[in-house]
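Work through the exercises below with the sequence and the model open side by side. Try each task before reading its solution.

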Amino acid sequence: MPGRITRGSVKKMFCTTCGFELDEKARFCSQCGRPTGAAPVAAARRWSGGLSLPAEGKKIGGVCAGFARYLDVDVTLVRVIWLTTAIFAGVGFIAYLVAWLLMPKDPVPAAVTETARQNT
């Protein structure tokens, strides 16, 4: 959350990470990129569950998407790092298969399960 200092009728907002002065309507710090209190957090970033295979956003098995969601980073970054590890170290392919087998799948929401029952 950004820090706010009020002097008279002028409100100044500062980033708590880098100390950069922000505009009152700023959603992100233009210096370090940290979201301010005015920035709504995307639904995908609100993941509070553990490490699991997502039902959406996967390309092959969902391992990279699951790790990206768990670590709260961009899935493209995880895919590039995983592919680089696979090509240069050789363990990336084996690690992907092991993670694919061991990671649990996302639980199906009750509303989806109930809808599927009604359609059958």
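## Exercise 1: Aromatic pairs

The model is predicted, and the count in it comes to three aromatic pairs.

Task: Classify the pair formed by Phe67 and Trp82, and say which parts of the chain the pair ties together.

Solution. 
- Step 1. Take the geometry. The ring centres of Phe67 and Trp82 are 5.4 Å apart, and the planes make an angle of 55 degrees.
- Step 2. Apply the cut-offs. Centres must lie within 6.5 Å, planes under 30 degrees apart count as stacked, and those over 60 as edge-to-face. The Phe67–Trp82 pair is therefore tilted.
- Step 3. Place the residues. Phe67 belongs to helix α1 and Trp82 to helix α2, so the pair links parts 15 residues apart in sequence.
- Step 4. Check the accessibility of each. Phe67 has 22% relative accessibility and counts as partly exposed. Trp82, at 18%, counts as buried. The cut-off for buried is under 20%.

Solution. 
- Step 1. Tyr96 is buried, at 13% relative accessibility. Trp100 is partly exposed, at 37%.
- Step 2. Join the pairs. Phe67, Trp82, Tyr96 and Trp100 make up one aromatic cluster.

## Exercise 2: The overall fold

Solution. 
- Step 1. Count the elements. There are four helices and three strands.
- Step 2. Of the 120 residues in the chain, 22% are buried.

## Exercise 3: Helix α1 and what follows

Task: Which residues of helix α1 are buried, and what covers them?

Solution. 
- Step 1. Locate the helix. α1 spans residues 63–71.
- Step 2. List its buried residues. They are Val63, Cys64, Ala65, Gly66, Ala68 and Arg69.
- Step 3. Find the cover. α2 (75–88) and α3 (92–102) are included in it.
- Step 4. Look past the end of the helix. Asp72 follows α1 and lies in the loop between α1 and α2.
- Step 5. Check its backbone. Asp72 has a positive phi of about 60 degrees, although it is not a glycine. Asp72 is partly exposed, with a relative accessible area of 43%.

## Exercise 4: The second largest pocket

Task: Which helices each supply at least two residues of the lining of the second largest pocket?

Solution. 
- Step 1. Take the volume. The second largest pocket holds about 250 Å³ of space.
- Step 2. Take the lining. It has 15 residues, and those nearest the pocket centre are Ile60, Cys64, Arg79, Trp82 and Tyr96.
- Step 3. Assign the helices. α1, α2 and α3 each supply at least two lining residues.
- Step 4. Sort by class. Ten lining residues are nonpolar, two are polar and three are charged.
- Step 5. Link back to the rings. Trp82 and Tyr96 are among the residues nearest the pocket centre, and both belong to the aromatic cluster.

## Exercise 5: Two loop residues

Task: Where is Pro104, and which residues does Pro104 touch?

Solution. 
- Step 1. Pro104 is in the loop between α3 and α4 (110–119).
- Step 2. Pro104 is partly exposed, at 46% relative accessibility.
- Step 3. Set aside residues up to four places away in sequence. Pro104 then touches Leu51, Ser52 and Leu53.
- Step 4. Compare sequence and space. Pro104 and Gly66 are 38 residues apart in sequence, and their C-alpha atoms are 9.9 Å apart.

Task: Is Gln31 buried or exposed?

Solution. 
- Step 1. Gln31 lies in the loop between β3 (21–22) and α1.
- Step 2. Its relative accessibility is 54%, and the cut-off for exposed is over 50%, so Gln31 counts as exposed.
- Step 3. Neighbours within four places aside, Gln31 contacts Cys18 and Phe20.
- Step 4. Gln31 and Cys15 are 16 residues apart in sequence and 8.8 Å apart from C-alpha to C-alpha.

Terms used. Residues numbered from 1 in each chain as written. Predicted model: local features only at pLDDT ≥ 70, side-chain atom pairs only at ≥ 80, totals over all residues. Heavy atoms only, no water. Buried < 20%, exposed > 50% of the residue type's maximum accessible area, 1.4 Å probe, protein only. Contact = heavy atoms within 4.5 Å. Phe/Tyr/Trp six-rings, centres within 6.5 Å; stacked < 30°, edge-to-face > 60°. 1 Å grid on protein atoms, 1.4 Å probe; cavity = no way out; pocket = protein on both sides within 12 Å on 5 of 7 lines; lining within 4 Å. Points joined across faces, edges and corners; volume = space filled by probe spheres on them. Nonpolar A, V, L, I, M, F, W, Y, C, P; charged D, E, K, R; others polar.
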